[in-house]
Amino acid sequence: MNYYIVIPSHNEENFISLTLQSLVEQTVLPKKIVVVNDNSTDKTEEIVTAFAKEYPFISLVNKTSDTIHLPGSKVIQAFQKGLETLDDNYDFIVKVDADLIFPSNYFETIISHFKSDDKIGMVGGFAYIEKNGDWILENLTDKDHIRGAFKAYRKDCFKQIGGLKPAMGWDTVDELLCKFYDWKVVTDRTLKVKHLKPTGANYNKTARYKQGEAFYSLGYGFFITSIASLKLAMRKRKPLLFFDYINGFWKAKSAKKPLLVTTEQAKFIRNYRWKKMKEKLF
């Protein structure tokens with residue numbers, strides 16, 4: 001199977017070489033890697049250019065955007081910029097962060113999953129962070145959720161869900177839309193990806209309201225948002241974040257911001273969330 005990788009990057013000189021090195025050492029190499037250098041002020045461009053000279057399947061695209069790093073819109077706009085440079089001759093496409101180290105068999109294993117079932121739309125492993133010299137699971141999501149840092153999409157699935165939404169919540173709505181269109185989402189516990197920078201490390205203070213806004217934009221409604229907000233705040237071991245998330249939800253609702261999904265899709269998403277909650281309780 002042919003696969004393409006798009007890597008949005010902003011000031012990643014400390015990590016991008018490690019990410020690219022792990023990708024060029026894959027047992028099954030990607031056909032193309034596009035790194036989108038999004039307004040970096042460090043040596044990101046220089047490092048990627050050096051890799052591109054050595055590996056013809058790596059290319060660099062420069063993009064100028066706001067330097068403020070907010071979750072969602074900035075990274076997906078950069079991803080889209082890279083996607084626009086690619087042709088349609090791929091079997092699956094992967095959005096990758098610029099601060100990861102992949103095991104050498106990562107994409108060989110991803111391919112085996114896609115080949116095993118034509119209804120598998122998305123596949124991914126798990127993120128691990130370093131703590132006191134050990135690599136431990138970055139436990140921010142359920143085990144059936146693929147982290148936004150390394151999502152692989154079958155082409156037909158990617159096109160049917162309409163690509164990626166340039167807003168926080170994109171890496172939840174994509175999976176929910178997969179399920180809406182009867183695609184399967186597969187996570188593989190054997191695939192351990194080293195995440196070199198903790199999630200949200202570069203977000204500024206205004207980002208804390210974005211999570212609640214994301215819950216609103218997914219059509220969750222207040223009760224599901226409350227449960228999801230409490231769960232996420234406790235996972236991050238910062239209980240007071242719950243109030244920021246709820247504040248963000250009400251701000252978005254009061255402003256009547258458009259949803260990322262249709263009315264029909266929002267209804268499906270609420271029913272699906274309630275079903276998953278009941279399964280865990282009973």
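L100 is found in strand 5, which spans residues 100–101, in what is a predicted model.

**Buried residues and their contacts**

- Leaving out residues up to four places away in sequence, L100 touches L18, T19 and S22, then A149 and F150, and finally V193, K194, H195 and L196.
- S9 lies in strand 1 and counts as buried, because its relative accessibility is 3%.
- When neighbours within four places in sequence are left aside, S9 is in contact with V35, V36, N37 and D38, as well as with S40, T44 and A98.
- Q211 belongs to helix 7, which covers residues 210–217, and this residue is buried, with a relative accessible area of 14%.
- The contacts of Q211, again leaving aside neighbours within four places in sequence, are M168, L232 and Y245.

- A pair of aromatic rings is described by the distance of the centres and the angle of the planes.
- F242 and F243 form an aromatic pair that is edge-to-face, with their centres 5.3 Å apart and an angle of 80° between the planes.
- Of that pair, F243 counts as exposed, because its relative accessibility is 53%.

**Lysines over tyrosine rings**

- K155 lies over the face of Y90, at a distance of 5.4 Å from the ring centre.
- In a second case, the charged end of K251 sits over the ring of Y209, and the distance to the ring centre is 5.7 Å.

**Helix packing**

- Two packed helices are described by the angle between their axes and the distance between the axes.
- Helix 1 (residues 16–24) packs with helix 2 (residues 44–54) at an angle of about 20°, and the axes are 10 Å apart.
- That angle makes helix 1 roughly parallel to helix 2, because angles under 35 degrees are counted in this way.
- The crossing in which helix 1 passes helix 2 is right-handed.
- At this contact, I16, S17, L20 and Q21 are the residues from helix 1, and they meet I47, V48 and F51 in helix 2.
- An α-helix has 3.6 residues a turn, so residues three or four places apart point the same way.
- In helix 3 (residues 73–83), the buried residues are K74, V75, I76, A78, F79, G82 and L83.
- The elements that cover these buried residues of helix 3 include strand 1 (3–9), strand 2 (32–38), strand 3 (58–63) and strand 4 (92–96), together with helix 5 (155–160) and helix 6 (170–180).

**Loop residues with positive phi**

- D182 has a positive phi of about 65° although this residue is not a glycine, and its place is in the loop between helix 6 and strand 9 (184–195).
- D182 counts as exposed, because its relative accessibility is 58%.
- K256, another residue other than glycine, has a positive phi near 55° and lies in the loop between helix 9 and helix 10 (263–281).
- At 71% relative accessibility, K256 likewise counts as exposed.

Methods:
Residues are numbered from 1 along each chain as its sequence is written. This is a predicted model: local features need pLDDT of at least 70, side-chain atom pairs count only at pLDDT 80 or more; totals for chains, interfaces and linings use all residues. Side-chain values use heavy atoms; hydrogens and water are left out. Rings of Phe, Tyr and Trp (its six-membered ring) pair if their centres lie within 6.5 Å; planes under 30 degrees apart count as stacked, over 60 as edge-to-face and the rest as tilted. Buried means under 20% relative accessible area, exposed over 50%, partly exposed in between (1.4 Å probe, protein chains only). A charge sits over a ring if NZ of Lys or CZ of Arg is within 6 Å of the ring centre and within 35 degrees of the ring normal. Axes are lines fitted to C-alpha atoms, for helices over the stretch in contact, and angles run from 0 to 180 degrees between N-to-C directions. Helices (H or I, at least four residues) and strands (E, at least two) are DSSP runs, numbered from the N terminus. Angles under 35 degrees count as roughly parallel, over 145 as roughly antiparallel, 65 to 115 as roughly perpendicular and the rest as oblique. A crossing is left-handed if the near helix is turned anticlockwise from the far one by less than a right angle, and right-handed if clockwise. Contact means heavy atoms within 4.5 Å.
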